[in-house]
Amino acid sequence: MNLNSLQTKLKQEPLRHFIIFLSVIYWGVVLYYGITYWLPRPQFAIFFVGGGAVIYVFSRLDGGDGTAAEGEHVEEDEPSRIQQLLLVASMVVVVAVSVYLFVTFEELFVTRPITIFEHEYILGAALLLAMFYLTYDGFGLGFLLLVLLTMVYSFYGQYFPGLFSHAGLSFERLIEVSVLDIRGLYGSVTRIVAAWVAPFLLYAGLIRAYGGFDLVKRISIRAAGFMSSGIAQTAVISSMLIGSINGAKSANAAMTGSFTIPLMKESGLPGRTAAAIESVASSGGQVMPPVMGSAAFLMASFLGTSYTDVLIAGMLPALFFYFSVAIAIHFATKRYADDLRIDPETALDNSKSRTDLIVSAVRFGIPFFALVYLLGIANFTVVTSALLTAGLMFATGISIPLIQSMVSQTESVTETLKTVLGQTLDGVTFGAKSLAPIALMIALINVIVDLLNSTGMPGMLALAIISISGGVLIFAAILGMVLSFVMDMGMPTVAAYSIVAILIAPTFVGEFGVPEIAAHYFVFYGAVLSGITPPIAIAVVVTTGIADSDFWLTSLEAIRIGATLYILPIAFLFKPTLVTDGLSLASLLTSVSVLLGIVTLIYGMNFVRRENEPRITNLLVRIIYFGTGATAVIHPDPLVQYGVLATAGILYVIRRFGMRLLLSEGENILSSSD
């Protein structure tokens with residue numbers, strides 16, 4: 001270590017220690033609130049957003065997160081001096097206004113809810129400006145533009161044409177809705193995230209710090225011995241387990257991609273293919289029960305139903321997704337089958353014994369299966385399940401290594417205790433750093449939703465969709481998907497889903513008679529899909545950086561691998577039994593045609609052109625396979641479903657066996673003429 005790096009380390013250590021201290025305090029209040037509910041929920045939301053801003057700013061000032069797991073890809077992002085000043089100024093404003101709102105909460109929102117003083121409008125405007133900069137710093141210009149456009153539309157509504165014209169909100173009313181009437185920044189979505197979602201990010205941080213990724217990596221590499229695409233399937237396995245808990249596509253891509261992408265490249269896959277596989281799997285991790293990237297809890301709240309109903313409804317779609325991605329990955333890697341290679345003996349740290357691995361599996365398995373049991377079987381509330389799961393992760397994460405140390409005596413108990421306590425603090429810190437930017441973004445998502453509701457936008461948007469689509473469901477579905485892509489803007493899944501659920505889902509329920517849960521799953525999958533859809537494609541952006549590949553080539557590869565994900569959500573509208581009937585006989589029978597359609601669709605996207613086969617013929621066959629597969633997935637009539645599948649089957653037989661018979665017959669004719 002040279003002198004400069006040593007000075008930098010010494011300079012940063014106090015700041016990192018302070019961030020750890022802040023994280024412990026922040027989680028202490030969040031967890032204590034989840035146990036006692038000692039504050040009104042809006043007042044707790046004020047603390048949640050303000051505390052998130054403080055942790056976010058100090059984390060940015062620190063540059064790196066300082067808690068990178070071994071082998072994990074981390075890009076240092078040191079803010080400039082001007083950025084540092086703006087970050088600190090924004091934090092001071094957020095903290096000052098948050099303290100004012102917290103202290104005067106009862107007076108402002110209970111004693112005089114209608115009377116607002118002039119200085120409070122100024123404070124509200126200052127808070128919004130500070131939040132604008134913090135979210136711009138964290139999520140870029142795209143999201144900030146979405147917020148600003150919402151503000152402009154709300155203020156100047158009278159100047160918009162046709163359906164989208166409205167009276168416009170005054171400056172005072174704009175600030176009231178955004179900050180001062182306990183909606184906006186501190187509305188329902190912020191409260192749900194603060195109480196329900198936050199503990200799961202703590203759980204994810206602890207999994208990371210305790211070495212959960214190493215266990216998943218080992219399972220994945222061992223799987224490579226049983227199939228040619230085993231290494232590539234590591235991304236799917238990892239994202240299923242980790243992505244379900246993590247509420248952000250980009251974070252999931254960074255966390256799991258940090259070891260899956262180098263591993264895939266090492267095995268012989270091109271960088272763009274490795275990045276595409278991880279981006280699709282990372283986005284799809286959000287649809288996997290039991291947590292579904294935390295969006296399941298929001299969905300249960302919006303629908304006014306139990307979490308268990310949402311969980312059961314999401315099981316078949318998640319299985320369809322991972323089944324289709326696994327097949328697509330197999331085809332994608334088949335082109336490089338001769339070059340794929342991996343030696344588990346060199347790829348893994350073999351210093352761990354089988355006993356160590358079993359202990360590690362128990363360490364992570366107990367909290368995970370407890371989570372599944374509490375949510376899916378025992379029907380505990382989301383908050384209780386989250387708190388108990390996080391508590392179990394603390395307990396097993398600390399106690400099991402200590403017990404193992406006592407039994408094996410390979411390391412002193414004191415040294416083991418120091419190690420696990422350090423890991424625990426890393427996990428707590430990482431969880432807080434993951435939650436902080438989401439807290440800021442969710443607060444502004446609340447502002448967007450409440451302002452648009454105040455202008456009557458949801459109703460106008462429904463009329464616009466009906467008008468443009470001509471009342472035809474398939475056209476409305478395509479338009480709804482496009483709107484979901486646009487509104488995502490690279491946001492975490494929870495934030496993206498909350499917008500499309502409020503603005504788009506009601507159109508399909510009210511105007512087309514789609515069951516409510518089917519409409520919500522449709523827009524939810526649309527929000528997830530935006531992670532691999534250019535030009536934003538936030539998951540592809542992250543994996544491209546890790547793989548050092550071309551963004552556009554990687555995006556095209558990701559679209560080909562995830563093609564089914566573009567078709568499957570539309571099936572929820574035309575075949576709602578897939579999500580409304582759980583695992584009933586009707587849904588299982590419908591699943592047969594969906595699965596066959598998925599296989600046909602993926603085969604059409606990925607089969608290799610034969611030698612000397614004209615390109616136009618190859619393209620025509622691909623179109624037939626894709627069209628018949630998509631029709632089988634979407635169309636509600638069983639006769640049509642199996643009719644198109646039969647067509648695809650006949651085409652396959654002709655191409656597979658007909659050409660072979662034709663060649664054999666030709667050889668016979670030539671031999672007889674001789």
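I'll start with a cluster of rings: Tyr-26, Trp-27, Tyr-33, Tyr-37, Phe-44, Phe-47 and Phe-48 are linked by ring pairs. Rings of Phe, Tyr and Trp (its six-membered ring) pair if their centres lie within 6.5 Å; planes under 30 degrees apart count as stacked, over 60 as edge-to-face, and the rest as tilted.

A word on the source. This is a predicted model, where local features need pLDDT of at least 70 and side-chain atom pairs count only at pLDDT 80 or more, while totals for chains, interfaces and linings use all residues. Residues are numbered from 1 along each chain as its sequence is written, and side-chain values use heavy atoms, with hydrogens and water left out.

Now the overall picture. The protein has 30 helices and 0 strands; these are DSSP runs, of at least four residues for helices (H or I) and at least two for strands (E), numbered from the N terminus. Of its 674 residues, 55% are buried, and buried means under 20% relative accessible area, exposed over 50%, partly exposed in between (1.4 Å probe, protein chains only).

Back to the rings. By the pairing rule there are 30 aromatic pairs. Phe-105 and Phe-109 are a tilted pair, because their centres are 5.1 Å apart and their planes are at 55 degrees. Both sit in helix 4 (residues 105-111), and they are separated by about one helical turn because they are 4 residues apart. Phe-105 and Phe-109 are both buried. Tyr-153 and Phe-160 form an edge-to-face pair, with 4.9 Å between centres and 80 degrees between planes. Tyr-153 counts as buried, at 6% relative accessibility, whereas Phe-160, at 31%, counts as partly exposed.

Next, the core. A nonpolar core is a set of buried Ala, Val, Leu, Ile, Met, Phe, Trp, Tyr and Cys residues joined through side-chain atoms within 4.5 Å. The largest has 193 residues, of which Leu-101, Leu-185, Phe-508 and Tyr-521 touch the most other members. Helix 18 (residues 413-455) gives the largest share, 17 residues.

Last, Leu-127, in helix 5 (residues 118-139). Leu-127 counts as buried because its relative accessibility is 1%. Beyond four places in sequence, its contacts (heavy atoms within 4.5 Å) include Leu-101, Val-179 and Leu-185.
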